[in-house]
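This briefing begins with the aromatic pairs and then turns to the overall fold, dimensions and surface.

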Amino acid sequence: MFDKWSIGMRVMSGFFCVCIIVAAVAAFGFWAVSSLGQTFQDYRSTARQTLLVNEYIEDVFEARLAALFYWVSANEENATEVPSNLDEIFDDKRFDELFEEGSAARAELAALKDRLADYQVAFDAMVGLQGERNLLVAELVVLGPKMRKAL
């Protein structure tokens with residue numbers, strides 16, 4: 001069949017086939033780059049979420065460490081550090097931006113925030129009880145020697 005074609009027809013058909021192949025390669029390249037772009041956007045979104053969660057972990061760790069130091073030394077600086085660390089988590093506006101409504105990660109972090117609010121209430125109660133304990137100890141320091149002498 002191709003034997004009957006003229007040289008011009010053969011050249012034109014070869015050129016047409018090369019154009020089709022180039023168009024197919026271009027279409028595949030466009031699809032591959034678009035797919036890679038979406039992959040990068042997904043990676044970037046996941047990386048931003050991971051950084052936010054790591055900041056939350058750091059703030060919780062610092063709050064728990066300050067609570068431990070307060071429990072050991074009853075230092076007021078440590079007592080103010082706990083709520084400030086927890087407030088960094090509660091006041092962070094990136095949470096709504098980075099996590100989709102209805103996602104499992106959003107639900108878990110919302111539950112974490114609820115538990116942290118309970119933690120802050122418990123810590124505030126501990127600070128109040130520590131204050132009462134300090135008053136009782138101060139009273140015992142005065143009364144203790146008097147009681148020992150009276151015995």
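**Aromatic pairs and overall form**

In this predicted model, the structure holds two aromatic pairs. F28 and W31 make up a tilted pair, with 5.9 Å from centre to centre and 35° between the planes. Y70 and F123 form an edge-to-face pair, for which the centres are 5.7 Å apart and the planes stand at 65° to each other.

**Setting of the pairs**

- F28 and W31 are three residues apart in helix α1, which covers residues 7-73, so about one helical turn separates them.
- F28 counts as exposed at 55% relative accessibility, and W31 is exposed as well, with a relative accessible area of 54%.
- Y70 lies in helix α1 and F123 in helix α4 (residues 104-150), so their pair ties together parts that are 53 residues apart in sequence.
- Both Y70 and F123 are buried.

**Fold and dimensions**

- The protein has four helices and zero strands, and follows the pattern α-α-α-α when read along the sequence.
- Its radius of gyration is 34 Å, whereas a compact globule of 151 residues would have one near 15 Å.
- Taken along the principal axes, the C-alpha atoms fill a box of roughly 130 × 25 × 20 Å.
- Of the contacts between residues at least 6 apart in sequence, 65% join residues at least 24 apart.

**Burial, surface and charge**

- Buried residues account for 17% of the 151 residues.
- The accessible surface comes to about 11600 Å², and carbon and sulfur atoms contribute 67% of that area.
- The protein carries 14 positive and 23 negative charges, whose mean positions are 4 Å apart.

Methods
Residues numbered from 1 in each chain as written. Predicted model: local features only at pLDDT ≥ 70, side-chain atom pairs only at ≥ 80, totals over all residues. Heavy atoms only, no water. Phe/Tyr/Trp six-rings, centres within 6.5 Å; stacked < 30°, edge-to-face > 60°. Helix = DSSP H or I, 4+ residues; strand = E, 2+ residues; numbered from the N terminus. Buried < 20%, exposed > 50% of the residue type's maximum accessible area, 1.4 Å probe, protein only. Rg over C-alpha atoms; globule rule 2.2 N^0.38 Å. Contact = heavy atoms within 4.5 Å. Areas by Shrake-Rupley, 256 points an atom, 1.4 Å probe, with all protein chains shown as cover. Lys, Arg positive; Asp, Glu negative; His and termini not counted. Charge placed at Lys NZ, Arg CZ, Asp CG, Glu CD.
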